[in-house]
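These are my notebook entries on a single protein chain. I record what I looked up, in the order in which I looked it up.

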Amino acid sequence: MKTTAPWYIERRAESLAIVYLTRRDDLIISQPTPNQGLDFLITITKDGVYTGRLFGIEVKATDSTSNLKKHNDIFKLDKNRLSILLENFKDLPFPVCLFFFILETDQGYYKWILEPKIDGEKQVKLHFNEDDELKKLDDKEIANIISSINSWYDHRNNT
């Protein structure tokens, strides 16, 4: 028997993503109209000034951990379903993260979809990450995400 997800899951997950992201005052959150790709486009500001540094957030959720694979306290997504989702973002020109929420606890997790990488002094790229493991999302990890993105833009602008 197929069950349908409650109607509120998507909206609540997007609200949780906004809560997590607005803990910082250097992010401007934009939400494209529905069916235009990513759930959020985030602009990083510096000292309140627009920098043009963008990254994307795709938001997904489940109402229970029973819908996830868990191994040694690491949650994993269904790799087949994940691959279909991730392919949609493969060609974007900026970093993209997946935020994933478990609504029974409101806990957030994340994984990179397009991870900013710096190889050597002058090589910057976006690594298409097909890994299915989710990391716990908290203020420290959001700071790490922003730091990685800023570093990637810094190196990209110097090449």
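**Entry 1: loops with positive phi.** I began with Asp106, which is found in the loop between S6 and S7. The model is a predicted one. I noted that Asp106 has a positive phi of about 65 degrees although it is not a glycine.

I then turned to Asp47, in the loop between S2 and S3. Its phi is near 50 degrees, again a positive value in a residue other than glycine. Asp47 is exposed, with a relative accessible area of 75%.

How many residues of S6 are buried? I found 7 of its 7 residues buried. In a regular strand the side chains alternate between the two faces of the sheet.

**Entry 2: the largest nonpolar core.** This core has 43 residues. Which of them touch the most other members? I listed Phe55, Ile57, Val59, Phe99, Phe101, Leu137 and Ile145. H1, S2, S3, helix H2 (79-87), S6, S7 and H3 each supply at least two residues of the core. The largest share, 7 residues, comes from S6.

Leaving aside neighbours within four places in sequence, Ile145 is in contact with Cys97, Phe99, Tyr110, Trp112 and Leu137.

**Entry 3: helix H3.** H3 has 19 residues and reaches 27 Å from its first C-alpha to its last, close to the 27 Å expected at 1.5 Å a residue. I recorded its buried residues as Glu141, Ile142, Ile145, Ile146, Ile149, Trp152 and Tyr153. They cover an arc of only 140 degrees around the axis, which puts them on the same side of H3. An α-helix has 3.6 residues a turn, so residues three or four places apart point the same way.

**Entry 4: helix H1.** H1 (residues 9-21) has 13 residues and reaches 18 Å between its first and last C-alpha, close to the 18 Å expected at 1.5 Å a residue. Its buried residues are Ile9, Ala13, Glu14, Leu16, Ala17, Tyr20 and Leu21. Seen down the axis of H1, these fall within an arc of 160 degrees, so they line one face of the helix. Against which elements do the buried residues of H1 pack? I noted strands S1 (27-30), S2 (40-46), S3 (49-62), S6 (96-102) and S7 (107-119), together with helix H3 (139-157).

**Entry 5: confidence.** I closed with pLDDT. The mean for the protein chain is 87, and 91% of its residues reach 70 or more. Confidence is lowest in strand S4 (residues 69-71), at a mean of 69, and highest in S1, at 96.

Technical notes:
Residues numbered from 1 in each chain as written. Predicted model: local features only at pLDDT ≥ 70, side-chain atom pairs only at ≥ 80, totals over all residues. Heavy atoms only, no water. Helix = DSSP H or I, 4+ residues; strand = E, 2+ residues; numbered from the N terminus. Expected span 1.5 Å × (residues − 1). Buried < 20%, exposed > 50% of the residue type's maximum accessible area, 1.4 Å probe, protein only. Arc of directions from axis to C-beta. Contact = heavy atoms within 4.5 Å. pLDDT = per-residue confidence, 0-100. Core = buried A, V, L, I, M, F, W, Y, C linked by side-chain atoms within 4.5 Å.
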